[in-house]
Amino acid sequence: MGAQGTRRSEVAERARLIDRELAVLYPDARIELNFSSALELLVAAILAARSTDRRANEVSPALFARYRSAADYAAADRDELEALIRSTGFFRAKAGTLINIGKALCDRFGGQVPGALEELLTLPGVGRKTASMVIGDAFGQPAITVDTHFARLARRFGWTAYSDPDKIERDVAALLPAPEWTPVSHRVIWHGRRVCHARTPACGACGLAALCPSFGLGPVDAQEARKLVKPATDSSAATAAANQAFTVRACPPPPM
Ligand code: SF4
């Protein structure tokens, strides 16, 4: 094994340790969007784009009660749909996307959300992040979801040197076993939202301090760092309960 290979195996070993520590820090890590079907998760992900999970969760109960199938979205009254999702922002574009997704599902997939990444990517407005989320969280297949938090932390952990989501996904997939891909996505995103912030990471209050090669990027003083830590969202418990009926996949800790 050359120097490059040795270094990569060290990174892989540290990636496993970081993943294991994250599993201890966030035993409840899971997707924070509420849904009870693949279609609902797909719709919720569209609503959360350029908005927040919280906003999407606020509008989704009324939306999901009104539109129960792909055909319902395909035949939606645009003004009514826009009014229901207005608070998530970019509501005109999102309404158009939802209607077009409904039509595409009816035209090409018998009204069902397909369970293959390549097919999901053919749907209007569905990018790799959304498709991976649906594959991992609705269909229970291994998938790495590279959002802005995951991309930032993967670089800070030394898992990748890239900014391009496809390359980040490829690099991380080579470091961790497939069964870890979906749970590690949630754990890393949770850590990014709560501790390892974009501008000032809370290094002095970080449970990964001993493992992270970027320790010191933010304040290392514990008291100062603790002020930066954001608490779990209020909706975490509600989200867990809402998703329970459809997907009971608490992330098990990685193998020792
Ligand atoms: S030590 Fe700092 S940079 Fe590393 S994960 Fe923790 S908060 Fe982020």
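The structure is a predicted model, in which local features need pLDDT of at least 70 and side-chain atom pairs count only at pLDDT 80 or more, while totals for chains, interfaces and linings use all residues. Residues are numbered from 1 along each chain as its sequence is written. The protein has 13 helices and zero strands; helices (H or I, at least four residues) and strands (E, at least two) are DSSP runs, numbered from the N terminus.

**Overall fold**

- Along the sequence, the pattern reads α-α-α-α-α-α-α-α-α-α-α-α-α.
- Of the 256 residues of the protein, 39% count as buried. A residue is buried if 20 or more other C-beta atoms lie within 10 Å of its own, exposed if 12 or fewer, and partly exposed in between, with C-beta atoms placed from the backbone.
- Among contacts in the protein with a separation of 6 or more, 61% join residues 24 or more positions apart. Two residues are in contact if their C-beta atoms, placed from the backbone, lie within 7 Å.

- Helix α5 covers residues 78-85, and its residues Leu81, Leu84 and Ile85 are buried.
- These three lie on the same side of α5, because they cover an arc of only 85° around the axis. The arc is that of the directions from the helix axis to the C-beta atoms.
- A general rule applies here: an α-helix has 3.6 residues a turn, so residues three or four places apart point the same way.
- Asp79 and Ala83, on the other side of α5, are exposed.
- The cover over the buried residues of α5 includes α2 (38-48), α3 (53-66) and α6 (91-108).

**The crossing of α9 and α11**

- The axes of α9 and helix α11 (residues 181-194) come within 8 Å and cross at roughly 90°. Axes are lines fitted to C-alpha atoms, for helices over the stretch in contact, and angles run from 0 to 180 degrees between N-to-C directions.
- Helix α9 is therefore roughly perpendicular to α11. Angles of 65 to 115 degrees count as roughly perpendicular, those under 35 as roughly parallel, those over 145 as roughly antiparallel, and the rest as oblique.
- On the α9 side, the contact is made by His149, Phe150, Arg152 and Leu153; on the α11 side, it is made by Ser185, Val188, Ile189, His191, Gly192 and Arg193.
- The residues of this contact divide into four nonpolar, four polar and two charged. Ala, Val, Leu, Ile, Met, Phe, Trp, Tyr, Cys and Pro count as nonpolar, Asp, Glu, Lys and Arg as charged, and the others, Gly among them, as polar.

**Buried residues that link parts of the chain**

- Thr145 is placed in the loop between α8 (128-138) and α9 (148-156). Thr145 counts as buried because it has 27 C-beta neighbours inside 10 Å.
- Not counting residues up to four places away in sequence, Thr145 touches Lys129, Ser132, Met133, Gly136, Phe150 and Ser185. The C-alpha atoms of Thr145 and Val188 are separated by 9.9 Å, although these residues are 43 residues apart along the chain.
- Val126 sits in the loop between α7 (117-120) and α8, and is buried, with 21 other C-beta atoms within 10 Å.
- Leaving aside neighbours within four places in sequence, Val126 is in contact with Leu120, Leu121 and Ala131. Val126 and Leu42 are 84 residues apart along the chain, and their C-alpha atoms are separated by 8.5 Å.
- Glu40 belongs to helix α2 and counts as buried, with 22 C-beta neighbours inside 10 Å.
- Leaving aside neighbours within four places in sequence, Glu40 is in contact with Phe35 and Phe64.

**Positive phi outside glycine**

- Arg50, in the loop between α2 and α3, has a phi near 55°, a positive value in a residue other than glycine. Arg50 is exposed, with 10 other C-beta atoms within 10 Å.
- Phe90, in the loop between α5 and α6, has a positive phi of about 45° although it is not a glycine. Phe90 is partly exposed, with 15 other C-beta atoms within 10 Å.

**The ligand site**

- The ligand is surrounded by 14 residues, of which the closest are Cys196, Pro201, Cys203, Cys206 and Cys212. A residue is near a molecule or strand if its C-beta atom, placed from the backbone, lies within 6 Å of it.
- The residues of this shell divide into eleven nonpolar, two polar and one charged.
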